[in-house]
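Subject: The model, plus my notes

Hi,

Here is the structure I promised to hand over. Have a look first, and my notes follow below.

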Amino acid sequence: MIVLKNASWIFTGKLFLALSGLVVSVIISRYLGPEENGIFNYVLAFTTLFSAISGMGMEEIAVKEFNIRSDDSGSILFSGFILKLCGGISACVLTIIASNIVKISYDKRIYIIIISISFIFQAFDIFLYWFQSQSSNKTVVLCQNFIRIIFIILKLLLAVFKGNLLHFVIITTIETIILSVSLVFIYQYNSIKAGKLSFNKAIFGKLFRLSWPLMLSGIAASIYMKIDQVMIGEMLGDYELGIYSVAVRLAESWYFIPIGVGAAVLPFIAKSYKESEEKMNQLMQVYADGMTLIAYAASIGIVLFAKPIIYILFGSKYLSADNLLILYVWSGVFVNFGLIRGSYVSIKECTRISVYGTIMGAVGNVLLNAWLIPTYGATGAVWATIIAQMLAALLSSFFFKETRGLAVIECYSLFPFVRLFKEMKRYLNGKKTR
């Protein structure tokens, strides 16, 4: 019951986040049109390249540490906050420096600087990891959903009263900041508390040692997830990026499901590992099978209704995104594998492997985009993303002893229908012999 209750609130939060993000995307895309929408998405993609630094790869590590070292929860919470604060400041500074190095317009540079300020405040997200570890998500979900509703209304009013792109950038930044800071107030008024908040140098060092590989992995993941949009903006222009970004938004619209599942099951996978690795592997196989079935179902649904979905939500200006959407949506299978591997390596404390895999994916994606975009346009960028994600999330796991078992689990999960049929056949044969 605890698992189902916690999962239901995580799903509610992720579902509302996905729906609110889709609603906002529809409002902004319809109001701005393909060209200005392309500028907006270029800015978001550029800042996302540095967002992993502010996250410090802390989520899986913090949730696990809160579960296995509950007596030190106060020190973990505060030390993790300091670590994420350092990451947020670094991300902000590096983003500003990079925006001045790259040859982009003055307006884009200003938009990037404004959004990067929110990185500093994301240090408060450590409180969210605490709530996740305690399976206490109800208050967080309700509060943050209320905040998102307010900002959806504000963005709708901006469109009604003819706001400009700068206004949308500013309000997006303010929303991100308030969502992060609100976690502190939720914690203060919540009955579940960590121990006394204090800085612990040893815990800080351990968190950094375990999280920096995941941070580097996150940077590489951001590159192979978002570099396509940056390169399309540079090579093909803002209009083409505006069309492409609609396909990406719809293809990723269901990701709240695997993210929610991952956040819900992570504490239980960590606990199963404490009992035995065999038990953890059994749970990982069920987890991988379920995630793959979800990916297949979502992809087939979107493929069947791609054109009407685009027309109803975004209008006729974006109908040319349908072929991109039909292809891009299948990358979700490997996105799920990336989430699965993130949980696996953090629990087994071999997070360095994530770095190697995602670096392979990032390098591959940059090279593939540079080769395919000039020849095949935005379609080339989609193929580059799919291949890079497959390399980073699945194929690279075969290269390392620690993750070969996981790679086998993921390969088995690619054919869940065959395995389900065999299980049903074995069950029916067993009933006949009785």
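Let me start with helices α11 and α15, which are roughly parallel to each other (angles under 35 degrees count as roughly parallel, over 145 as roughly antiparallel, 65 to 115 as roughly perpendicular and the rest as oblique). The axes of α11 (residues 256-275) and α15 (residues 332-347) cross at roughly 25° and come within 10 Å. An axis here is a line fitted to C-alpha atoms, for helices over the stretch in contact, and angles run from 0 to 180 degrees between N-to-C directions. Helices themselves are DSSP runs (H or I, at least four residues), numbered from the N terminus. The crossing of α11 past α15 is right-handed, meaning that the near helix is turned clockwise from the far one by less than a right angle.

From α11, the contact takes in Pro258, Ile259, Leu266, Ile269, Ala270 and Tyr273, and from α15 it takes in Asn336, Leu339, Ser343 and Ile347. Contact means heavy atoms within 4.5 Å. By class there are 8 nonpolar residues, 2 polar and no charged. Ala, Val, Leu, Ile, Met, Phe, Trp, Tyr, Cys and Pro count as nonpolar, Asp, Glu, Lys and Arg as charged, and the others, Gly among them, as polar.

Before going on, some ground rules: this is a predicted model, in which local features need pLDDT of at least 70 and side-chain atom pairs count only at pLDDT 80 or more, while totals for chains, interfaces and linings use all residues. Residues are numbered from 1 along each chain as its sequence is written, and side-chain values use heavy atoms, with hydrogens and water left out.

Helix α9 (residues 201-235) packs against α10 (residues 238-251) at about 155°, with the axes 7 Å apart. That angle makes the two roughly antiparallel, and α9 passes α10 in a right-handed crossing. On the α9 side you'll find Asp228, Gln229, Ile232 and Gly233, and these meet Asp238, Glu240, Leu241, Tyr244, Ser245 and Val248 of α10. This contact has 4 nonpolar, 3 polar and 3 charged residues.

Then there is α3 (residues 73-101) with α4 (residues 106-116), packed at about 175° with axes 9 Å apart. They are therefore roughly antiparallel too.

The core

Which residues touch the most other members of the largest nonpolar core? Among its 124 residues, they are Met58, Leu77, Ile126, Tyr244, Met284, Leu325 and Ile340. A nonpolar core is a set of buried Ala, Val, Leu, Ile, Met, Phe, Trp, Tyr and Cys residues joined through side-chain atoms within 4.5 Å. Helix α1 (residues 2-55) gives the most to this core, with 16 residues. Leaving out residues up to four places away in sequence, Tyr244 touches Asp228, Gln229, Ile232, Leu324, Tyr328, Ala378, Ala381, Val382 and Thr385.

α2 and a buried lysine

Helix α2 has 8 of its 11 residues buried, so it is largely enclosed by the rest of the structure. Buried means under 20% relative accessible area, exposed over 50%, and partly exposed in between (1.4 Å probe, protein chains only). The buried ones are Met58, Ile61, Ala62, Val63, Lys64, Glu65, Phe66 and Asn67. Lys64 has a relative accessibility of 6%. Beyond its neighbours within four places in sequence, Lys64 is in contact with Leu210, Ala270, Ser346, Ile347 and Glu349.

Loops and other charged residues

Ser397 sits in the loop between α17 (378-393) and α18 (401-413). It is buried, with a relative accessible area of 0%, and it touches Arg341, Thr403, Arg404 and Ala407, not counting residues up to four places away in sequence.

Lys162 is in another loop, between α7 (138-160) and α8 (165-188), and is exposed at 65% relative accessibility. Its phi is near 60°, a positive value in a residue other than glycine. Most residues other than glycine have a negative phi.

Arg209, in α9, is partly exposed at 48%. Lys279 belongs to α12 (residues 277-304) and is partly exposed at 38%.

Cheers
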